Amino acid sequence: MDDRKTPEWAALIRDVPDFPSPGIMFKDIVPLLADAHGLAAMVSALGAPWRDAGIQAVAGAESRGFILGAALARDLDAGFVPLRKPGKLPGALLEEAYALEYGSDRLQIQADALASGTRVLLVDDVLATGGTLAAAARLLQRQGAQLVGAAVLVELTGLRGRERWTAAAPLRALLRA
């Protein structure tokens with residue numbers, strides 16, 4: 001939340017050093033998710049900029065993006081579409097590879113998950129190096145969705161992931177660390 005006071009629920013996000021590998025500072029959102037009032041306040045804040053954007057579906061990147069995305073979809077009265085890692089979805093699929101701060105991976109979407117032109121908001125928990133979010137945006141655009149924007153809970157500014165966001169749609173972060 002750029003120039004505003006840090007919300008109370010932000011204190012529920014815990015830093016875990018050296019997870020999943022040395023040198024990584026993991027943002028553990030489980031304490032936030034477990035707190036009913038914190039979770040409700042965070043989802044409301046995450047959805048606020050998008051309330052009048054005509055969002056028809058929220059796409060969440062595996063796996064914590066599922067949690068935030070599904071809650072946000074409900075909050076925005078929209079559907080939810082998961083962007084999964086390989087081997088988790090049946091049927092015809094589209095796929096995008098991407099680099100992480102600690103390796104590489106791929107995301108998939110069912111080819112018929114969204115009708116062409118569906119107004120989609122992309123959601124994930126953390127913007128780190130930007131690989132996951134950039135791949136997810138490309139995947140949604142290849143699928144035919146109209147990417148309205150992206151929302152993340154936390155942006156790790158030191159990793160400069162925002163620089164990899166090349167989509168014309170806005171990218172909004174609730175917190176910056």
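**Fold, cores and salt bridges of a predicted model**

Colleague: What radius of gyration does the protein have, against the value for a compact globule?

Modeller: With 177 residues, a compact globule would have a radius of gyration near 16 Å. That rule is 2.2 Å times the number of residues to the power 0.38, and the radius is taken over C-alpha atoms.

Colleague: In what order do the elements run from the N terminus?

Modeller: The protein has four helices and nine strands. These are DSSP runs numbered from the N terminus, with helices (H or I) of at least four residues and strands (E) of at least two. From the N terminus on, the order is β-β-α-α-β-α-β-β-β-β-α-β-β.

Colleague: Which residues touch the most other members of the largest nonpolar core?

Modeller: A nonpolar core is a set of buried Ala, Val, Leu, Ile, Met, Phe, Trp, Tyr and Cys residues joined through side-chain atoms within 4.5 Å. Buried means under 20% relative accessible area, exposed over 50% and partly exposed in between, with a 1.4 Å probe and protein chains only. The largest core holds 29 residues, and those touching the most other members are Trp9, Met42, Ile55, Leu121 and Leu153.

Colleague: Which residues does Ile55 touch?

Modeller: Contact means heavy atoms within 4.5 Å. Not counting residues up to four places away in sequence, Ile55 touches Trp50, Leu76, Ala78, Arg119, Leu121 and Val148.

Colleague: At what N to O distance do Asp75 and Arg51 meet?

Modeller: Asp75 counts as partly exposed, at 35% relative accessibility, and Arg51 is partly exposed too, at 38%. A salt bridge is a side-chain nitrogen of Lys or Arg within 4 Å of a carboxyl oxygen of Asp or Glu. The side chains of Asp75 and Arg51 form such a bridge, at 2.6 Å.

Colleague: How far apart in sequence are the parts that Arg64 and Asp125 tie together?

Modeller: Arg64 is buried, with a relative accessible area of 19%, and Asp125 is buried at 6%. Their side chains meet in a salt bridge of 2.4 Å, N to O. Arg64 lies in helix H3 and Asp125 in strand E7, so the separation of the joined parts in residues is 61.

Colleague: Which residue forms a salt bridge with Glu155?

Modeller: Glu155, in strand E8, counts as buried at 6% relative accessibility. Its side chain makes a polar contact of 2.7 Å with that of Arg162; such a contact pairs N or O atoms within 3.5 Å, where within protein one must be able to donate a hydrogen and the other to accept it, and residues adjacent in sequence count only if both atoms are side-chain atoms. The salt bridge, with the closest N and O atoms 3.1 Å apart, is formed by Arg176.

Technical notes:
Residues are numbered from 1 along each chain as its sequence is written. This is a predicted model: local features need pLDDT of at least 70, side-chain atom pairs count only at pLDDT 80 or more; totals for chains, interfaces and linings use all residues. Side-chain values use heavy atoms; hydrogens and water are left out.
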